[in-house]
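Colleague: Hi! I've got the model open on my screen. Could you walk me through it?
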Amino acid sequence: DVYKRQACDQIAEREEQTISPAMRAVEGQAPDRNLIGFDNRLKDRDRIKEKVHDGIKFLKRSPEDAVSLVPDAIRYTFQYRETNYAQGVWTDIVRLRDQGFKLDRLKNSWSDEQYKGINSQWIEPDTGQRFEVQFHTRISYEAKQLTHKAYERLRTKEADAFEELVLEAFQKKVAGDVPVPPGARDIPDHPERSADAR
């Protein structure tokens, strides 16, 4: 348990000293979008401890690797106007790379039925620390917030079949009302998935 506490401290230190200052620098490069939910950029410590524990136990990772491999212990969200969304995302991906971060994964969910937006995972090269950056419009972010409890409930796999149907229908209804910004679906996954993998 001491190690898990140290792991949380290590992640918080990387966030505070390296990653957040760089994210603020990227944010400062364009006035037409901003980081939202910044106060929630660190995942709950209990969830981090759980993920580090799982990384050690199930993935047979060293404690150091398990800390670095938690993909969303640190997470950020850029919010754009719909009209500037696609160009803004493309530009910010370049800016994040210019800060020295390595893009590990990008998943474009604008064609999905239950979630709209783009989630990406990045690596801070000096420590190997992973972090998440989401790209949203105001409405897609609000939809994510509205459906978060349903998503969490489905993630735990504790819901019975009927409850799963209800929760999934709720997510589809909310996501179905989110306007898709021009060009948003054209931003490719990284690494790219084939069209039939969606």
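Modeller: Setting aside neighbours within four places in sequence, Glu124 is in contact with Thr18, Ile19, Phe101, Gln129 and Phe131, where contact means heavy atoms within 4.5 Å. Keep in mind that this is a predicted model, where local features need pLDDT of at least 70, side-chain atom pairs count only at pLDDT 80 or more, and totals for chains, interfaces and linings use all residues. Residues are numbered from 1 along each chain as its sequence is written, and side-chain values use heavy atoms, with hydrogens and water left out.

Colleague: Okay! Where is Glu124 placed?
Modeller: Glu124 is in strand β4. Helices (H or I, at least four residues) and strands (E, at least two) are DSSP runs, numbered from the N terminus.

Colleague: What does the side chain of Glu124 reach, then?
Modeller: The backbone nitrogen of Asp126, at 3.2 Å.

Colleague: Let's zoom out. In what order do the strands of the sheet come?
Modeller: The 5 strands run β1-β2-β5-β4-β3 in an open sheet with mixed pairing. Two strands pair if DSSP finds at least two bridges between them.

Colleague: Which strands stand at the edges?
Modeller: β1 (33–36) and β3 (102–108) do, and each has a single partner strand, so one side of each is left without a neighbour in the sheet. On average, neighbouring strands are turned by 25° against each other, direction ignored.

Colleague: How many bridges join β4 to β5?
Modeller: There are 7, between residues 118–124 and residues 129–137, and these strands run antiparallel. Gln121, for one, has Glu132 in β5 as its bridge partner. β2 and β5, on the other hand, run parallel and are joined by 6 bridges, with Gln79 opposite His136 in β5.

Colleague: What about β1 and β2?
Modeller: They pair in the antiparallel sense over 4 bridges, and Ile36 stands opposite Thr77 in β2. As for cover, 5 of the 6 residues of β2 are buried.

Colleague: Which strands does helix α5 lie across?
Modeller: Helix α5 (residues 138–156) lies across β1, β2 and β5, at about 115° to β5. Axes are lines fitted to C-alpha atoms, for helices over the stretch in contact, and angles run from 0 to 180 degrees between N-to-C directions. Tyr141 is in helix α5, and its contacts beyond four places in sequence are Ile36, Gly37, Thr77, Gln79 and His136.

Colleague: Is Tyr141 buried or exposed?
Modeller: Tyr141 counts as buried because its relative accessibility is 15%.

Colleague: Last topic: which peptide bond is cis?
Modeller: The one from His190 to Pro191 is, with omega near -15°. Pro191 belongs to the segment after α6 (161–176). Lys157 is worth a look too, as its phi is near 60°, a positive value in a residue other than glycine. Most residues other than glycine have a negative phi, and most peptide bonds are trans.

Conventions
A polar contact is a pair of N or O atoms within 3.5 Å; within protein, one must be able to donate a hydrogen and the other to accept it, and residues adjacent in sequence count only if both atoms are side-chain atoms. Buried means under 20% relative accessible area, exposed over 50%, partly exposed in between (1.4 Å probe, protein chains only).
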